[in-house]
Amino acid sequence: MNVLTWQFFGAAFTLIAGTLLHFVYGWSDRSLAMAPFAAVNESVWEHLKLLAVPMLLFAVVEYFFYGRALPGFLPARTASVLFGMAEIVVLFYTYAGIVGRNFLLADILVFCIGVAEAYLLGAYLLLSGLLADGSMQRAAFIALLLLISSLFFFTFRPPHIGLFRDPVTGRYGTAA
């Protein structure tokens with residue numbers, strides 16, 4: 001398979017797994033072991049896991065199949081995950097700010113756009129070799145560690161700001 005085919009399957013996997021991760025915490029009877037990986041409430045932050053976790057899992061598979069041969073694989077994948085997460089935040093707050101509230105169908109569309117654009121950016125970065133410089137490896141590794149740490153930490157200790165607030169309950173993190 002070529003890089004573009006991998007990106008297509010990665011996007012499909014992320015959309016399906018991300019959708020399932022929306023429900024896993026509830027299905028697991030609110031298991032704290034599942035909390036860092038699945039959405040524990042309806043906050044925007046928790047919904048970012050729906051993109052990040054499947055993309056990172058798929059990246060592990062990609063790495064072993066072809067990523068080791070690409071010097072810019074880790075920076076490209078890290079940048080694409082971060083971009084997808086940022087895209088979701090920007091699109092959500094833009095449309096919700098304009099309309100005055102959020103709508104489930106629009107939220108789903110925002111997730112789909114975030115996933116699609118993340119994998120499109122990933123394909124571009126992988127094929128162009130733009131981030132293949134050796135110094136990018138260390139930066140990507142640090143960024144990835146910070147991202148994973150943040151996903152875990154903020155699930156249990158979220159700051160009390162809008163990004164982390166459950167709009168349904170008004171609570172934060174696993175307390176919601």
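**View 1. The right-handed crossing of helices α1 and α2**. In this predicted model, α1 passes α2 in a right-handed crossing, a crossing being right-handed if the near helix is turned clockwise from the far one by less than a right angle, and left-handed if anticlockwise. The axes of α1 (residues 3–27) and α2 (residues 44–65) come within 8 Å and cross at roughly 140 degrees, where axes are lines fitted to C-alpha atoms over the stretch in contact and angles run from 0 to 180 degrees between N-to-C directions. The pair therefore counts as oblique, the class left over when angles under 35 degrees are roughly parallel, over 145 roughly antiparallel and 65 to 115 roughly perpendicular. Helices are DSSP runs (H or I, at least four residues) numbered from the N terminus. Contact (heavy atoms within 4.5 Å) involves, among others, Trp-6, Phe-9, Phe-13 and His-22 of α1 and His-47, Leu-50, Met-55 and Phe-65 of α2. By class, the contact residues are 13 nonpolar, 6 polar and 2 charged (Ala, Val, Leu, Ile, Met, Phe, Trp, Tyr, Cys and Pro count as nonpolar, Asp, Glu, Lys and Arg as charged, the others, Gly among them, as polar). Residues are numbered from 1 along each chain as its sequence is written. Local features need pLDDT of at least 70 and side-chain atom pairs count only at pLDDT 80 or more, while totals for chains, interfaces and linings use all residues, and side-chain values use heavy atoms, with hydrogens and water left out.

**View 2. The packing of α1 against α4**. The axes of α1 and α4 lie 9 Å apart at an angle of about 155 degrees, and α1 is therefore roughly antiparallel to α4. Their contact, which includes Val-3, Leu-15 and Thr-19 of α1 and Phe-111, Tyr-119 and Leu-127 of α4, has 11 nonpolar, 6 polar and no charged residues.

**View 3. The largest pocket**. About 640 Å³ of space lies in this pocket, an open set of points on a 1 Å grid, where a 1.4 Å probe fits, with protein on both sides within 12 Å along at least five of seven lines; lining residues have an atom within 4 Å of a point. Of its 24 lining residues, His-22, Glu-42, His-47, Leu-104 and Asp-107 are the closest to the centre, and α4 gives the most to the lining, with 6 residues.

**View 4. The second largest pocket**. This pocket has a volume of about 310 Å³, a volume being the space filled by probe spheres set on the points. The largest share of its lining, 7 residues, comes from α2, and the lining divides into 14 nonpolar, 1 polar and 1 charged residues.

Notes. Helix = DSSP H or I, 4+ residues; strand = E, 2+ residues; numbered from the N terminus.
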